[in-house]
Structure formats: structure tokens, C-alpha cells
Amino acid sequence: MHIKTTVAGFCALVAAFAVSEARAESAEPKGFSCNFASGTTWTFDNGAFNSEKPEPIDIEIIDVDLDAQTAKLAGEGGKPAGALKIVRAINANHFLEVVNEGFLNLTTIYDTDPASGTHPAVHSRHFGVLGQPVVAQYVGTCTEK
């Protein structure tokens with residue numbers, strides 16, 4: 001009788017864990033709306049990097065699938081969404097975009113900040129204009145969609 005009770009208790013524990021895992025997966029956000037209000041852009045010209053303050057940017061990440069490690073960057077004005085690769089980290093997810101020209105954009109979204117209810121985030125761009133390196137880094141927040 002004692003073995004049956006132990007086995008039944010173990011099965012109940014496994015079932016409860018499976019249900020809580022299913023709930024946790026469904027609770028994962030499927031998208032984010034992000035605002036990057038401040039940052040710095042550096043352009044390389046005449047042998048040196050020069051910095052300036054860029055305009056704020058907003059991005060929208062949709063169709064987040066953490067298991068498949070994929071998402072999409074919502075397009076503007078009906079344009080098709082760009083594909084994103086997700087790299088999972090402890091307390092954060094990195095969304096990597098490789099643009100047509102081979103340049104990289106990286107957005108890191110951290111776990112929810114309990115004080116503000118938003119996700120702290122960083123957005124970096126690595127590209128070039130007319131053969132000159134241009135890099136930008138922004139800080140901001142994202143909210144779940």
C-alpha cells in the first residue's frame with residue numbers, strides 16, 4: 001500500500017509539473033513593441049569615429065517562437081516582415097537580424113523589470129554607408145504585445 005501511495009504521489013507531481021510547464025510556455029510573449037529613446041551613432045570618417053545623437057526609434061517584434069528560436073521584425077507601411085534569429089540567454093533573449101546587404105542588427109530584450117513592468121532593452125546596428133562604417137547603440141524598453 002505504501003508503494004502505491006508513493007507512485008501515485010510521484011505521478012501527481014509529474015502531472016502538475018507538466019501542466020505548469022505548459023502554462024509557462026503559453027505565457028511567453030509572442031511579440032514586443034520597443035521604444036529606444038536614447039543612444040549614440042558613430043560614423044568612421046577621415047581616420048576616426050565621430051559620434052552624434054540619433055533620432056529615437058521604435059521597432060516591433062512579432063511571431064516570437066522561443067522553441068524554434070525565430071521571430072519577425074514587423075515591416076513598416078505594409079512591407080514584409082524581416083526574419084529574426086533568437087539566441088536565448090539567462091534573463092534575456094537576443095534577436096538577430098541579418099539585413100540584405102549582410103549588415104547586422106541586434107536587439108537584446110531582458111526579463112521584465114518589476115518596478116516598471118517593462119523589459120529593459122538594447123538595440124545595436126552595424127552597417128556602412130558608401131564604404132564607411134556606421135554603428136549605433138540605443139537603450140530603451142519593450143512592452144509585451
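Modeller: About 190 Å³ of space lies in the second largest pocket. The residues closest to its centre include Glu 28, Leu 66 and Asp 111. A pocket is an open set of points on a 1 Å grid over the protein atoms alone, with protein on both sides within 12 Å along at least five of seven lines; lining residues have an atom within 4 Å of a point. This is a predicted model: local features need pLDDT of at least 70, side-chain atom pairs count only at pLDDT 80 or more, and totals for chains, interfaces and linings use all residues. Residues are numbered from 1 along each chain as its sequence is written, and side-chain values use heavy atoms, without hydrogens and water.

Colleague: Which elements give two or more residues to the lining of the second largest pocket?

Modeller: Strands here are DSSP runs of E, at least two residues, numbered from the N terminus. The lining has 15 residues, with Ala 92 and Asn 93 among the closest to the centre. The elements are β5, β6 and β7.

Colleague: How much space lies in the largest pocket?

Modeller: Its lining has 20 residues, and Leu 73, Ala 74, Gly 75, Gly 82 and Glu 97 lie nearest the centre. The largest share, 3 residues, comes from β3. A volume is the space filled by probe spheres set on grid points, which are joined across faces, edges and corners. For this pocket that is about 470 Å³.

Colleague: What is the volume of the largest cavity?

Modeller: A cavity is a set of points where a 1.4 Å probe fits but cannot get out. The structure holds 1 of 30 Å³ or more. Its lining includes Ile 59, Phe 95, Asn 105 and His 123, and β3 (57-65), β6 (92-98) and β7 (104-110) each supply at least two lining residues. The volume is about 50 Å³.

Colleague: Which cysteines form a disulfide?

Modeller: A disulfide is a pair of cysteine sulfur atoms within 2.5 Å. The whole structure has 1. The sulfur atoms are 2.0 Å apart, and the pair is Cys 34 and Cys 142.

Colleague: Is the disulfide of Cys 34 and Cys 142 right-handed or left-handed?

Modeller: The pair links distant parts of the chain, β1 (residues 32-45) and β9 (residues 132-144), 108 residues apart. The torsion about the S-S bond is about 110°, so the disulfide is right-handed.

Colleague: Is Cys 142 buried or exposed?

Modeller: Buried means under 20% relative accessible area, exposed over 50%, partly exposed in between (1.4 Å probe, protein chains only). Cys 34 has 2% and is buried. Cys 142 has 0%, so Cys 142 is buried.

How values were computed. Helices (H or I, at least four residues) and strands (E, at least two) are DSSP runs, numbered from the N terminus.
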